[in-house]
Amino acid sequence: MDPTTVAREARVERLRQARIADGKAKTKTKRSLDAVASLIAAGERITVARVACKAAVSTWFVYNSPDVHRAVQAAIQEQARHGIPAAAILPRQRVSEASLQTDLALAREEIKGLKTERDRLQDRVRLALGAEIDDVQRTVLLLRIRDLESHNALLISQLAEQTERAGRIERRTIELEDEVTAVRRALTRSIRAVPSSPR
């Protein structure tokens, strides 16, 4: 087979692989956007981790897919401004210790995920700055450094956002722990207040 034919077949294969990758990305994007809409309709708090879990995609995909990331951020901001729909929030008197424990477990799991994501973003910054430095001409290297600095600034911004969210979740975790303690004390008082039946 002559070199021209080999080169042409290689180009065709690259195009085919690109089309496959593009199709997969579109499918993931649709699943992620549907997950955002589903969580909103259910009155659940929107987070990157919950969207990724519901859509069966990675948090990396949610952060790095512009359409999905915009939808998630818009939903988070909307919930911050207006709160979660009242129909999805249980009345305070129906909040049980079990539901508080579940919220607490979810909050801890999200904190763990956010910390993992933070570490991964830091690793990406280090890898991006160290990659492709060997055998690169000075002019090309300068252009690459500018791109990496821009990308680094974006990652730092994302890291700051996630760190702030982790702080909010940690504060909410403390509140939930306090609520659990209060419920336990109230149950203990209620039990003690019930008169014992005569023998």
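**Close-up views of a predicted model**

**View 1. Helix α4 and its buried residues.** Val68, His69, Val72, Gln73, Ala75, Ile76 and Gln79 are the buried residues of α4 (buried: under 20% relative accessible area; exposed: over 50%; partly exposed: in between; 1.4 Å probe, protein chains only). Seen down the axis of α4, these residues fall within an arc of 160 degrees, so they line one face of the helix (the arc is that of the directions from the helix axis to the C-beta atoms). Exposed residues Arg70, Arg81 and His82 are carried on the face turned away from the buried side of α4. This is a predicted model, in which local features need pLDDT of at least 70 and side-chain atom pairs count only at pLDDT 80 or more, while totals for chains, interfaces and linings use all residues. Residues are numbered from 1 along each chain as its sequence is written, and side-chain values use heavy atoms, with hydrogens and water left out.

**View 2. Span and end of α4.** The 17 residues of α4 should span 24 Å at 1.5 Å a residue, and the end C-alpha atoms are 24 Å apart, which agrees (expected span: 1.5 Å times one less than the number of residues). Helices (H or I, at least four residues) and strands (E, at least two) are DSSP runs, numbered from the N terminus. Gly83, which follows α4, has a positive phi near 80 degrees.

**View 3. Surroundings of His69.** His69 belongs to helix α4 (residues 66-82). His69 counts as buried, at 17% relative accessibility. Neighbours within four places in sequence aside, His69 is in contact with Val62 and Tyr63 (contact: heavy atoms within 4.5 Å).

**View 4. Ala56 in a loop.** Ala56 lies in the loop between α2 and α3. Although Ala56 is not a glycine, its phi is positive, about 60 degrees. Most residues other than glycine have a negative phi. Ala56 is exposed, with a relative accessible area of 60%.

**View 5. The second largest pocket.** The volume of the second largest pocket is about 300 Å³. Elements giving two or more residues to its lining are α2 (48-55), α3 (59-64) and α5 (97-130). The largest share, eight residues, comes from α5. Of the 15 lining residues, Ala49, Arg50, Glu109, Glu110 and Gly113 lie nearest the centre of the pocket. By class, the lining has six nonpolar, three polar and six charged residues (nonpolar: Ala, Val, Leu, Ile, Met, Phe, Trp, Tyr, Cys and Pro; charged: Asp, Glu, Lys and Arg; polar: the others, Gly among them). A pocket is an open set of points on a 1 Å grid over the protein atoms alone, where a 1.4 Å probe fits, with protein on both sides within 12 Å along at least five of seven lines; lining residues have an atom within 4 Å of a point.

Note on methods: Grid points are joined across faces, edges and corners, and a volume is the space filled by probe spheres set on the points.
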